[in-house]
Amino acid sequence: MTLSVRNVAVAAALSAALCTALAGCGGGSGTSGSGAGAGAGGQARTGTPGASAPPVFPVSPHAAGSSPAASPPPAKAPTLAPGPNGLTPVFERAKQQTDKTVALTFDADMTSDQGQRAADGEHFDNPQLIATLRGLKVPSTIFMTGRWAEEYPDQAKSIGTDPNFEIANHSYSHHAFTSPCYGLPALDAAAARADVDRAFAAFRTAGAVNTVPYFRFPGGCYDDQALRAVSTAKVTAVQWDVVSGDAFAKDPDAVAEQVLTGVKPGSVVVMHCTRSAAPVTEEAIRKIVPELRKRGYRFVKVSELIGK
């Protein structure tokens with residue numbers, strides 16, 4: 001990429017053409033660098049999908065879109081102090097790196113111009129993945145676009161009223177906040193700031209209450225100008241240090257292995273909650289979760305990592 005990049009070690013392995021096909025789906029290098037992220041979340045690894053059928057987990061009351069009867073209001077989520085010159089702070093991994101905690105994050109991606117594709121039957125959601133996370137009791141952070149919440153309001157409410165999850169902002173339009181960014185249309189500073197607000201408004205309209213003041217740049221692409229543009233939103237930008245490689249992957253074992261190899265205490269893992277673009281994520285999760293627990297890891301939301 002031609003932008004100033006803080007760390008592009010993994011991004012170098014990405015295919016720009018693949019990321020463009022995913023419409024800049026959030027993912028990528030997992031490091032805080034302009035253009036360091038891409039929809040592929042790393043080069044997709046292909047293989048033969050596993051033949052095992054997904055388990056059927058009990059469905060919580062939230063899965064039907066209803067709010068829990070006695071769910072307490074969410075506590076105020078911790079944020080980082082502003083960076084130099086008041087820039088939006090960026091979080092990648094917990095400072096406390098001896099505690100064996102890990103945060104699984106899932107980008108619920110949908111760009112503002114993909115409505116017709118959804119109408120034609122493309123699935124940008126993944127309810128089985130959410131059911132599996134519930135069944136396995138894995139606290140998770142869902143980075144959701146406002147357009148996704150508009151397309152799937154019942155699911156947005158279901159996720160956003162379940163204390164197992166927290167919803168973070170992945171923009172409304174999934175357009176780029178800096179350019180170039182894998183072919184995504186770029187927003188100017190004023191439009192970028194408004195895009196963040198519009199996403200939070202979409203979550204409120206859907207009835208999601210477990211929202212946190214965290215933001216993930218579409219494509220993982222940002223620079224100082226982008227950090228300045230969203231600074232008045234008072235959010236913490238959340239990147240990652242582990243790339244799952246789940247976008248367009250065909251082999252859940254390869255995805256699981258990539259995550260298991262990369263996780264360290266305090267890690268943030270980027271995955272996707274989009275059936276059409278990341279079809280084996282749910283199956284990979286069924287391999288990742290028990291193995292990490294066997295290794296002594298505890299799953300937490302991003303808010304718990306930031307709060308350490």
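The questions and answers below walk through a predicted model of one protein chain.

Modeller: Residues are numbered from 1 along each chain as its sequence is written, and side-chain values use heavy atoms, leaving out hydrogens and water. Because the model is predicted, local features need pLDDT of at least 70 and side-chain atom pairs count only at pLDDT 80 or more, while totals for chains, interfaces and linings use all residues.

Biologist: How many helices and strands does the chain have?

Modeller: Helices (H or I, at least four residues) and strands (E, at least two) are DSSP runs, numbered from the N terminus. On that basis the secondary structure of the chain comes to ten helices and nine strands.

Biologist: What share of the residues in the chain is buried?

Modeller: Buried means under 20% relative accessible area, exposed over 50%, and partly exposed in between (1.4 Å probe, protein chains only). Cys-273 is one case: it counts as buried because its relative accessibility is 0%. Of the 308 residues in the chain, the buried share is 56%.

Biologist: Which residues does the disulfide join?

Modeller: A disulfide is a pair of cysteine sulfur atoms within 2.5 Å. The structure holds one. Its S to S distance is 2.2 Å, and the pair is Cys-181 and Cys-221.

Biologist: How many residues apart in sequence are the parts that this pair ties together?

Modeller: Cys-181 lies in the loop between strand S4 (165-169) and H6. Cys-221 lies in the loop between strand S5 (211-215) and helix H7 (224-229), so the pair ties together parts that are apart in sequence by 40 residues.

Biologist: Are Cys-181 and Cys-221 buried or exposed?

Modeller: The link between them is right-handed, with 80° about the S-S bond. Both Cys-181 and Cys-221 are buried.

Biologist: Which elements do the buried residues of H5 pack against?

Modeller: In helix H5 (residues 153-160), the buried residues are Ala-156, Ser-158, Ile-159 and Gly-160. They pack against helix H3 (127-135), strand S3 (140-144), helix H4 (146-151), S4 and H6.

Notes. Contact means heavy atoms within 4.5 Å.
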